[in-house]
Amino acid sequence: MDRPYIICHMACSIDGKIIFDNWGGDIPKEKYSELYNMCHDAYNTQGWILGRVSLEKDFSEGIKPELIKPSAPIKREPFVGNRQAQTFAVAIDTRGKLGWPGNEIGGDHLIAVLAEQVSDEYLAYLQRKSISYIFAGVNEVDLKLAMAQLTEIFSIRKIMLEGGGCLNGSFLNDGLIDEISLLLLPIADGMPKTQTVFEVSPSLRKNPAAQLQLIKAEQLDNDVLWLKYKINSA
Ligand SMILES: NC(=O)c1ccc[n+]([C@@H]2O[C@H](COP(=O)([O-])OP(=O)(O)OC[C@H]3O[C@@H](n4cnc5c(N)ncnc54)[C@H](OP(=O)(O)O)[C@@H]3O)[C@@H](O)[C@H]2O)c1
């Protein structure tokens, strides 16, 4: 199946932890965010993918979807909310939990990736908002199928995967990551339960560890290292 080239872009402590919230007041989190965005922009991709938990925390502004029963059942087929869109924010939201202020994030058109079990009320909500959606699986999201549809329906050839750890873990386990762009921050976190860059769910069959090839190491401001790796395909 044809699918986009996928770059996993993340910032983490030297022990691989990805949650900034526990880090103390003197740590220049805004500077790290600026560097993160600068490196993101350098890739010039057609969009980015995020998991439901990260979106709820950092982007959907706590908005609850307004659920109204549509007059007729809605077919489980793709819906395109903006045919002119060139760049995309892809939300992996299996059960349709996220509410949105509009149909884009920072100019990137929203695409919700759903499972077919989602309610008609939620599909009607997305249609009213002109938010695109696709289906990839009946009860859970099949990421391979979802990625193939991004290419087939939206002509996406290169995209960034930006967390969180659970979604990254699933992409890694499915062999869907081609490259990793890691900002290694000068932080030693040490919190045993804090999430890392890749968290593969115990419910999944864990595939062998991915082997990486370092393609670039660059020192940035504020003692940040930008590491780029290719994933060796099996
Ligand atoms: N340091 C960084 O660069 C960085 C970047 C991004 C995010 N973060 C942080 O990461 C944290 C959230 O990460 P997270 O790992 O808890 O959540 P996440 O990866 O953002 O989202 C996980 C959710 O995505 C949905 N999902 C659908 N299909 C999935 C699949 N095949 N595999 C995994 N998830 C799937 C599920 O939603 P349902 O539960 O609705 O089914 C799942 O609970 C936040 O604190 C955020 O700030 C850090």
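Domain 1 (1-46 + 157-234) and domain 2 (49-142) both contribute residues to the lining of the largest pocket, so the pocket lies between them. Keep in mind that this is a predicted model.

How big is that pocket? Its volume comes to about 1600 Å³. It is lined by 50 residues, and the closest to its centre are L50, G51, S54, G163 and G164. Several elements give two or more residues to the lining, as the table shows.

| Element | Residues |
|---|---|
| β1 | 5-12 |
| α1 | 29-43 |
| β2 | 47-51 |
| α2 | 52-58 |
| α5 | 165-173 |

Which element gives the largest share of the lining? That would be α1, with seven residues.

## Strands β5 and β6

Now for the strands. β5 (residues 108-114) runs parallel to β6, and the two pair over four bridges. Within this pairing, I111 sits opposite S132 of β6.

Are the faces of β6 (residues 132-135) covered or open? Both are covered: S132 and I134 are buried on one side, and Y133 and F135 are buried on the other. S132, then, is a buried residue that also has I111 across from it.

Conventions. Residues are numbered from 1 along each chain as its sequence is written. This is a predicted model: local features need pLDDT of at least 70, side-chain atom pairs count only at pLDDT 80 or more; totals for chains, interfaces and linings use all residues. Side-chain values use heavy atoms; hydrogens and water are left out. On a 1 Å grid over the protein atoms alone, a cavity is a set of points where a 1.4 Å probe fits but cannot get out, and a pocket is an open set with protein on both sides within 12 Å along at least five of seven lines; lining residues have an atom within 4 Å of a point. Grid points are joined across faces, edges and corners, and a volume is the space filled by probe spheres set on the points. Domain bounds come from an automatic or database domain assignment. Buried means under 20% relative accessible area, exposed over 50%, partly exposed in between (1.4 Å probe, protein chains only). Two strands pair if DSSP finds at least two bridges between them.
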